[in-house]
Amino acid sequence: MASMDVPAGRVATGKRTAAHAGPKLNAISWLALALMTTSSVASLRAAPTMAVYGLACVFLYLIPALVFLLPTSLVSAELASGWSGGVYRWVAEGLSKPLGFLAVWCQFAMTIFYYPSLLAYVASTFAYVIDPSLATHGLYTAIVIITLYWLGVFVSARGTKTVAGLSSMGLIIGTLIPGLILVVLGFVFLGQGNPSAAPMDSDHILPPWTGLASLVLIVNNFLSYSGMEMNAVHVSSLKKPATEFPKAMFTAMGLVLLIFILPALAISWVVPSSSLSLTAGVMQAFDAFFAYFNVDWLTPVLGIMLIAASLGGMLTWLAGPSKGLLTVAREEGYLPPFLQRLNKHGVQQNILITQGVVTTGIALLYAFIPDVSSAYWIFSVITTQVYLIVYLLMFVAAMRLRRTKPDHPRGFRVPALNVVCIVGLLASAAALVIGFVPPSQFGSGSLWSYLVIVGGGLFIVGLLVPYLFYKFRKPHWKQPDTEWKAGVGTSTEGEAQA
C-alpha cells in the first residue's frame with residue numbers, strides 16, 4: 001500500500017506525475033460517473049418493501065435520500081480524493097487503525113446477511129417461474145439460498161473475468177427494462193379506469209402514524225442507498241472534480257429515486273398491501289398485470305431477467321468486500337493465516353468458504369420461520385445495522401481529518417463539511433436505533449425474538465467477532481506483501497467494485 005499520507009492520484013512529494021501533466025488519460029465524464037453510481041445502487045428488490053405504504057413511499061424514499069444518501073456521497077468523495085485505500089484508510093487516518101479494521105470488517109460482514117436476503121428474493125422470483133406457491137415456502141427458500149451461494153463461491157473462486165460485465169448487463173436487463181415495463185403497465189392499468197389498490201390522494205402522502213413501527217421500513221432505505229462511497233474513488237478521474245462530482249451525484253440521486261419510487265408505486269396500484277410479499281412483490285405485480293393484459297407467458301421471462309441481474313450482483317459483492325478485508329488482514333495481521341490463504345487463482349477462497357458456512361446456517365432459519373417475509377425483513381435490518389457502523393465511523397473520521405489535516409491535498413472539498421457530517425451522523429444513529437423496533441409487517445411475531453435476533457446479529461457479527469480477531473492477533477499473522485504486490489490475488493478496481 002502507498003504511504004498513508006499520500007493523497008489519491010498523487011505521489012509523496014505532491015508533484016504531478018507524468019500521467020497527470022496534461023489532460024487526464026483516464027478521465028470520465030460526470031454523466032458516466034452518474035450512470036455508474038446508479039447501476040451500483042439502484043435495484044427493484046426493495047420496491048415491495050416500500051409498496052406497502054402506497055403513495056407515502058415517495059416521502060419514505062426522499063427523506064433518507066436527503067439526510068443519508070447526499071451526505072455519504074459528498075463526504076466519501078472528499079475522502080476518496082484525498083486518501084486512497086477506501087474506508088479502512090479513511091478511518092485509520094482519521095481515528096485509528098483498529099477502528100479502520102472495524103469499518104472494513106463491517107463493510108464485509110454486512111454481506112453475511114445480505115446474501116440470504118438477496119437470494120431469498122431470487123428464490124421467490126424463481127418460484128413464479130416454476131410454481132408461485134413456493135414463494136412463501138421456507139424450506140424451498142433455504143435450499144435455493146444455499147445452492148446459489150455455493151455456486152457463486154465456485155464461480156468466484158475460479159477468478160472469473162465476466163463478473164464486471166454481468167453487473168453492467170444486470171442494470172439494463174434486470175433493472176431498467178423490467179422497471180420500465182412495470183411502470184408503463186401501471187399507468188396503462190390506471191388509464192383504463194381501474195382503481196388503484198392503494199389510495200393515491202393527498203391524504204396518503206405521509207405514512208399513517210401508529211407508533212414507531214409505522215416508520216421502521218425507512219431503515220431499509222438506508223441500505224438501499226448504501227454503496228455510494230465505493231464510487232467516490234472515481235472522483236479523481238473527473239476533469240473538474242469540484243463542480244462535476246456534485247453534478248454527477250445529484251443526477252444519480254434523481255435516477256436512483258425514479259428507479260426506486262415509480263416501480264414501488266406501480267406495485268401498490270395492483271397488489272393490495274395486505275397480500276404483498278416483501279420478497280416476491282415484484283413478481284406479484286408482474287403476474288397481476290400480465291394476467292390483466294392476457295400475456296401471462298411473459299411472467300417467467302421477466303422472472304428470469306430479474307434473477308440474472310440479482311445473481312450478477314451477488315457475484316460482484318462476493319469478490320469486492322472480502323478482497324478489501326484480505327488486503328488489510330495481510331498488512332496488519334488482523335486475521336489468522338488460514339483466512340489469508342489464496343487459491344491458485346489468487347482468490348481468497350477460505351474467506352468465502354468460511355462465510356459460506358455462516359450463510360448456510362442463516363439460510364436454514366428460513367426453514368424454521370413460518371413467514372418468509374418476516375425472515376427477509378429481519379435479515380435486511382441486521383444487514384443495515386452492521387453497515388451503519390461503517391458510516392458512523394466514516395462521518396466522524398471525515399470531521400477529524402478536516403480538523404487535524406486541513407492542508408492535506410484533496411481533489412474535492414465538501415462545503416460546510418461539519419454540518420453535512422452531523423446530518424449524516426444523526427441520521428445513521430437514528431436508523432440504528434429505529435432498526436430495533438419491529439415493523440408492522442413483522443406481524444404477530446415475538447418482540448423479544450426480534451430483538452434477540454437483530455441485536456444478537458449486530459453484536460456478534462458487527463462487534464464481537466472483529467474484537468476477538470483484534471484481541472487475539474499474533475505478530476506472525478502479518479504476511480509479507482511481496483506475493484501480493486507480485487500480482488497474486490489482485491484484481492482490477494473495476495472488478496472489485498462492480
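**Exercise 1. Is Gln340 buried or exposed in this predicted model, and which backbone atom lies 3.4 Å from its side chain?**

Step 1. Locate the residue. Gln340 is in helix H14, residues 337-340.
Step 2. Check its accessibility. The relative accessible area of Gln340 is 1%. Buried means under 20%, so Gln340 is buried.
Step 3. Look for the partner. A polar atom of the Gln340 side chain lies 3.4 Å from the backbone oxygen of Ala329.

**Exercise 2. Which residues of helix H17 are buried, and where do they lie around the helix axis?**

Step 1. H17 covers residues 417-434, which is 18 residues. From first C-alpha to last it reaches 26 Å, close to the 26 Å expected at 1.5 Å a residue.
Step 2. List the buried positions. They are Leu417, Val420, Cys421, Gly424, Ala427, Ser428, Ala431 and Leu432.
Step 3. View H17 down its axis. The buried residues fall within an arc of 140°, so they line one face of the helix.
Step 4. Recall the helix geometry. An α-helix has 3.6 residues a turn, so residues three or four places apart point the same way.
Step 5. Turn to the other side of H17. There, Val419, Leu426 and Val433 are exposed.

**Exercise 3. Which parts does the salt bridge between Arg410 and Glu78 tie together?**

Step 1. Confirm the pair. The Arg410 and Glu78 side chains meet in a salt bridge at 3.0 Å, N to O.
Step 2. Arg410 lies in the loop between helix H16 (372-404) and H17, and Glu78 in helix H4, so the pair ties together parts 332 residues apart in sequence.
Step 3. Check burial. Arg410 is buried at 11% relative accessible area. Glu78 is buried too, at 3%.
Step 4. Widen the view. A network of salt bridges links Glu78, Arg402 and Arg410.

**Exercise 4. Where do Lys405 and Glu93 lie, and how many residues apart in sequence are the parts they tie together?**

Step 1. Find the contact. The side chains of Lys405 and Glu93 form a salt bridge at 2.3 Å, N to O.
Step 2. Lys405 sits in the loop between H16 and H17 and Glu93 in helix H5 (residues 86-94), so the pair joins parts 312 residues apart in sequence.
Step 3. Compare accessibility. Lys405 is partly exposed, at 24%, whereas Glu93 is buried, at 13%.

Notes: Residues numbered from 1 in each chain as written. Predicted model: local features only at pLDDT ≥ 70, side-chain atom pairs only at ≥ 80, totals over all residues. Heavy atoms only, no water. Helix = DSSP H or I, 4+ residues; strand = E, 2+ residues; numbered from the N terminus. Expected span 1.5 Å × (residues − 1). Buried < 20%, exposed > 50% of the residue type's maximum accessible area, 1.4 Å probe, protein only. Arc of directions from axis to C-beta. Polar contact = N/O pair within 3.5 Å; in protein donor to acceptor, adjacent residues only side chain to side chain. Salt bridge = Lys/Arg side-chain N within 4 Å of Asp/Glu carboxyl O.
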